[in-house]
Amino acid sequence: MSLTSALNSLTISTPFLHGSTPLSRFSKPTLQLPPSRPSTFVLPIRAMRSMQGRVVASSGDKTVAVEVTRLAPHPKYKRRVRKKKKFQAHDPDNQFQIGDFVQLEKSRPISKTKTFLAVPLPVKAKKEKKAEGVEKGSSSDLGIPLESQQQELQA
C-alpha cells in the first residue's frame, strides 16, 4: 500500500500543466493569409489555350469528333508539317454537323475519352464591299476626296 500512496503523493509540475508557458512557441506554425478583399465574380484564368477544329463525325449522341490541325516542324527536315489529331468533344444540344468549325474548351472528364466541350466559334466581322468602286471606297475611308472628286465639287 505504500507504493500506491507514494504514487498518489507524487505530483508532476511542468509549466505546460499550469499554463504558464504559452504553447504557441511549440506548436506548428500557422499560415497567415493576407486580408481578403470583397470578392467580385471573375472568371478563372484557364491555363490551357482552347483549340479550334472541324467536326468530322457527329454520329454519337451528344458527342462530336473534332479534328484539330496544327503546324509542327519535321524532326529531320525542319520543314513545317501539318499534324492532325482527333478529339472527342461534348455537344449537349447536338447542334454541330459534319464540317462545322468549333472551339474546344477543356472541362472535367465527361467520359473515358471526352474531356472537351464543343463551343461555336465567335462570328468574325466581315467587311462589306461597296458597289461604288474601290477608289471611291478608299477615299471615303480616309475622309479626303480625290482630285477628280474635288474638281466635281468646285464646278
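This is a predicted model: local features need pLDDT of at least 70, side-chain atom pairs count only at pLDDT 80 or more; totals for chains, interfaces and linings use all residues.
Local features require pLDDT of at least 70 and side-chain atom pairs count only at pLDDT 80 or more, whereas totals for chains, interfaces and linings use all residues. Residues are numbered from 1 along each chain as its sequence is written, and side-chain values use heavy atoms, with hydrogens and water left out.

The protein has four helices and five strands, taken as DSSP runs numbered from the N terminus (helices H or I, at least four residues; strands E, at least two). From the N terminus, the order is α-α-β-β-β-β-β-α-α. Of the 155 residues, 17% are buried; buried means under 20% relative accessible area, exposed over 50%, and partly exposed in between (1.4 Å probe, protein chains only).

Glutamine 103 lies in strand β4 (residues 101-106) and counts as buried because its relative accessibility is 16%. Its side chain makes a polar contact with the side chain of serine 50 (2.6 Å). Such a contact is a pair of N or O atoms within 3.5 Å; within protein, one must be able to donate a hydrogen and the other to accept it, and residues adjacent in sequence count only if both atoms are side-chain atoms.

Two loop residues other than glycine have positive phi values. Lysine 78, with phi near 60 degrees, is in the loop between β2 (63-73) and β3 (80-90) and is exposed, because its relative accessible area is 60%. Asparagine 94, with phi of about 50 degrees, is in the loop between β3 and β4; at 37% relative accessible area, asparagine 94 is partly exposed.
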